[in-house]
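Dear colleague,

Please find below the structure that I am handing over to you. My findings follow directly after it.

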Amino acid sequence: MVFIKPCEINTDKCSAAFEALEGEKKIGTCCLLIKDNTADIFYSELLTDDVSIGEGLFRSAYNYAANKGIYMGSCSAENAQPIIKRMNFELHDGLYINDIPSLLMGSCCEFDK
């Protein structure tokens with residue numbers, strides 16, 4: 001079973017980090033910065049081929065931001081393309097962004113892992 005562990009950081013460079021754990025083994029991480037009413041995932045690392053783990057990390061991060069009253073979410077993490085493809089991001093001026101309710105919606109399509 002995979003557990004997503006949040007860690008509130010609250011600095012100017014990072015608001016919170018999220019770790020995906022399978023037992024004691026870390027299998028993924030993402031870092032979130034809340035700034036100017038937008039929650040940006042600026043770092044993502046997936047240590048497994050299962051992209052759904054990354055999606056779970058992103059959903060946890062955006063849910064955290066939504067609970068703080070943030071409405072918009074973005075992803076500037078360089079290596080997150082497989083996760084971005086699974087979620088409802090829109091590309092605007094080189095940045096993947098959308099409102100958090102849309103990002104948290106499920107998808108009805110099959111995706112590659």
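Ser 44 touches Thr 29, Cys 30, Phe 58, Ala 77, Asn 79, Ala 80 and Ile 83, leaving aside residues up to four places away in sequence; a contact here means heavy atoms within 4.5 Å. Ser 44 belongs to strand S4 (residues 38–46), where strands (E, at least two residues) and helices (H or I, at least four) are DSSP runs numbered from the N terminus. With a relative accessible area of 5%, Ser 44 is buried. Buried means under 20% relative accessible area, exposed over 50%, and partly exposed in between, with a 1.4 Å probe and protein chains only.

Please note that this is a predicted model, in which local features need pLDDT of at least 70 and side-chain atom pairs count only at pLDDT 80 or more, while totals for chains, interfaces and linings use all residues. Residues are numbered from 1 along each chain as its sequence is written, and side-chain values use heavy atoms, with hydrogens and water left out.

As to the cysteines, a disulfide is a covalent bond between the sulfur atoms of two cysteines. It is counted here as a pair of cysteine sulfur atoms within 2.5 Å, and the count comes to zero. Cys 7 is in no disulfide, the nearest cysteine sulfur being that of Cys 14, 8.2 Å away. Cys 7 is partly exposed, at 42% relative accessible area. Cys 30, by contrast, is buried at 0% relative accessibility. Its closest cysteine sulfur, in Cys 31, is 6.8 Å away, which is too far for a bond.

As to the aromatic residues, rings of Phe, Tyr and Trp (its six-membered ring) pair if their centres lie within 6.5 Å; planes under 30 degrees apart count as stacked, over 60 as edge-to-face and the rest as tilted. The count comes to four aromatic pairs. One of them joins Phe 18 and Tyr 64, with ring centres 5.6 Å apart and planes at 75 degrees, so this pair is edge-to-face. Because Phe 18 lies in strand S2 (residues 16–22) and Tyr 64 in helix H1 (residues 51–67), the pair ties together parts that are 46 residues apart in sequence. Both Phe 18 and Tyr 64 are buried.

Phe 58 and Tyr 62 also form an edge-to-face pair, at 6.3 Å centre to centre and 90 degrees between the planes. They are four residues apart in helix H1, and therefore separated by about one helical turn. Phe 58 is buried at 0% relative accessible area, and Tyr 62 is buried at 0%. Ring pairs link Phe 58, Tyr 62, Phe 89 and Tyr 96 into a cluster.

With kind regards
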